[in-house]
Amino acid sequence: MSSSGKPDIPAPLTNLKIQYTKIFINNEWHSSVSGKKFPVFNPATEEMICHVEEGDKEDVDKAVKAARQAFQIGSPWRTMDASERGRLLFKLADLIERDRLLLATMEAMDSGKIFSNAYLMDVTVCVKALQYYAGWADKIQGRTIPADGNVFTYTRHEPIGVCGQIIPWNFPLVMLIGKIAPALSCGNTVVLKPAEETPLTALHVASLIKEVGKIIKEAAGKSNLKRVTLELGGKSPCIVFADADLDSAVEFAHQGVFFHQGQCCIAASRLFVEESIYDEFVRRSVERAKKYVFGNPLAAGVNQGPQVNKQQRDKILDLIESGKKEGAKLECGGGPWGNKGYFIQPTVFSNVTDDMRIAKEEIFGPVQQIMKFKSLDDVIKRANNTHYGLAAGIFTKDLDKAITVSSALQAGTVWVNCYLVASPQCSFGGFKMSGNGREMGEYGLHEYTEVKTVTVKISQKNS
Amino acid sequence: MLRAAATLGPSLGRRLLSAAATQAVPAPNQQPEIFYNKIFIDNEWHDAVSKKTFPTVNPATGEVICQVAEGDKALETLDNGKPYVISYLVDLDMVLKCLRYYAGWADKYHGKTIPIDGDFFSYTRHEPVGVCGQIIPWNFPLLMQAWKLGPALATGNVVVMKVAEQTPLTALYVANLIKEAGFPPGVVNIVPGFGPTAGAAVASHEDVDKVAFTGSTEIGRLIQVAAGSSNLKRVTLELGGKSPNIIMSDADMDWAVEQAHFALFFNQGQCCCAGSRTFVQEDVYNEFVERSVARAKSRVVGNPFDSKTEQGPQVDETQFKKILGYINSGKQEGAKLLCGGGPAADRGYYIQPTVFGDVQDGMTIAKEEIFGPVMQILKFKTIEEVVGRANNSSYGLAAAVFTKDLDKANYLSQALQAGTVWVNCYDVFGAQSPFGGYKMSGSGRELGEYGLQAYTEVKTVTVKIPQKNS
């Protein structure tokens, strides 16, 4: 997001006290079984914020036991009206809205996210997703089925049970809510492990869950990966045709790869531009990439924050070096910024070819790859030539191209003449190795539902 | 709702009393100020074009509450006469739940993309129908308003609502809340007025896209005719009923007696789905009748603001006289009057809880909708017989079965021609489950996801594409 034209927002909280640093089980705070704690850092200053209890297998066992107990037939959670589950989720949305300033400040400090984005976007997405799934709770309907024979057959859409949820550090709050909202809406119980890089906002939300009611059981700890849904990486293609609205395509493609310092699973990290507009597109993209103000993400006017930690920064720099070595043309950026904090300059490579590391591997940093293409059939093949398949973008004014290409691309979300447009009503997820299952929307309920068919013998069927 | 009421079972009265006693229900303001008594259009208050007003009457005393512009909290009880405690705990609770339920549907009513033959991309849009005329009755003023507004607004329509002349006050109060909530002007417009003038105007208006009516079957016919004679506007109707309540001999007797009592007497008998034909299997008939009469005699009739009251007055003089007329026909046609049978007080429209036994299918009280506190108990022998007799009605709104037997429950719920069949319960409503009539009890369904259909126009879009790929 550009720093101008944003609505007035309050200043971030100064001297924010971190109140919640323990493991949350059964609406109570626990120290780790082992007594161990781990430090949490501010990536803009490299300073430690606080220590958080470090959960291990024993803590997970406690959490799972609590979640299993809360899921027993006859429990308050199982006997609660579905509409009441919805009311609780709605109430949680209200509390998150109430604590918007605190959560945005904490999120920016912990993850390096620009404060105004956290305040305006991340928290808003959380509130809307909770409200959306609150509405679904009493609308999860099974069916009655005209089965052959003298039977009365129907399905129940039951909750699955204890859902283990493991979330990343790039959108800590959004990922948290995106996981618990559909799970709870369907009536499940949850054991959630937030990322060790960014545990703080998850723990604050846990305190809000306690405030909402004594009923929802949620817990945080470390665990092994279980089965079910995966939302993984991507190397998402953006395809810009010569007839596209050039300004708009440049801006969307830019945001698509640079948003949140490039730390998005859906980053538009392979930009295919039609030959005849290629040079102009590169020129405008480079100009756009130079409009960044570095600094502490809490400071006004800053629009690029640090990468989340040293490990990420080093990985990104390594891939940038590979780009230079393998013959891509470095148009701008290409290295770190500043003496403190994990900052990387926005970097643009042109004349990138499909076999380069920067064209194949997920960078997860502020690095844009611009490639040239000639024919429609060819670019579709190249766009699909990856193990990934999370998202894609198409820029064209032509009706036929829009429909043909969107049908052909192997991606869970295809954006036409836009990018990064997401809302709780729309499902999201990966083809191929970008994951399986869908989150958000109505489809997002499927993963949290176990379908039971009940068939009752009757004396005579009547239609 | 009535979950609140129905799960209380035999102790309905007692639970409500204790709720009032422990101050779960705040004391009513028996003389509320009437702020809103005009016509609500474009988020503003207007006098009638004709400048005419009409009186709205307190049915507990027969006195005029105030004048209301005639366009073509304590407020609901004052206007309708229903017991305040019930208004507070049941009506309002259901209103809130209905609105919250439909709020949740607003962004979830999906169209489809469709694998059509040929090189085409085909999908449906679920669009709002447009201007929806909604005509609502006086028996559950706030609740009927919520049932209508919820699905209409969730799907993006705009509304012209004509509220019942007997009970306009709470709907007009809600109009002000609609403005406060932030709905743009013109989205909801509310016109208090009379059926033959304002109601008819809505039904026959050339620029109204759809009409939804809840009321008597007699008027429902007129609405459908008017719609057809004008612009063929879409029509949904929630009309009357003569709903059968079937008590099998293996039913839990205590529970069945209390539920059957509740099924008929709730809301002063003024429910479209009242269980007004209680069929009792012969083995248990005598005991059931005896217990039902005792229960009816113990029903507390009185001032609706008194927390001990179970039954308030009927809504107006017209209804009062009509019900007394039916009671007379029952006596004349040979039904056995077991209790009640006349007015319950000198002032106000109160009627004694009345029970007729040995009712025969051909009697007027067994065929016509009474809409008052008059219970008909009929005897039957076999399950096959009672299905035939229960279905032998031009109505088909609701039905109930009391039995412990799995097969009987399944058999009857399949066979009964009714939009809702309750098994071992009665008057259980949820915003989630659809409600509506077979046959002359109406057309279309309200509540649930099904309730969205009437307020949606489906548009299919089919786009030619160069090549289909699945």
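Chain A of this predicted model averages a pLDDT of 92, pLDDT being the predictor's confidence in each residue, from 0 to 100. In chain A, 95% of the residues score at least 70. Residues 214–228 of chain A fall below 50. Beyond near neighbours in sequence, that stretch has 52 contacts in the model (contact: heavy atoms within 4.5 Å). Where pLDDT is low, predicted coordinates should not be read in detail.

Local features need pLDDT of at least 70 and side-chain atom pairs 80 or more, while totals for chains, interfaces and linings use all residues. Residues are numbered from 1 along each chain as written, chains are lettered from A in the order written, and side-chain values use heavy atoms, without hydrogens and water.

Now the interface. Chain B brings 20 residues to the contact and chain A 23. About 1900 Å² is buried between them, 52% of it from carbon and sulfur atoms; buried area is the accessible area (1.4 Å probe) lost on being put together, summed over both parts. In chain B, Lys108(B), His110(B) and Gln414(B) lose the most area to chain A, together 26% of what that side buries.

There are 0 salt bridges between the chains (a side-chain nitrogen of Lys or Arg within 4 Å of a carboxyl oxygen of Asp or Glu). Chain B's side that touches chain A draws at least two residues each from helix H4 (84–105), helix H14 (406–415) and strand E20 (456–464). Helices (H or I, at least four residues) and strands (E, at least two) are DSSP runs, numbered from the N terminus. H4(B) gives the most, with 5 residues.

Note on methods:
Buried area = accessible area lost by both parts, 1.4 Å probe.
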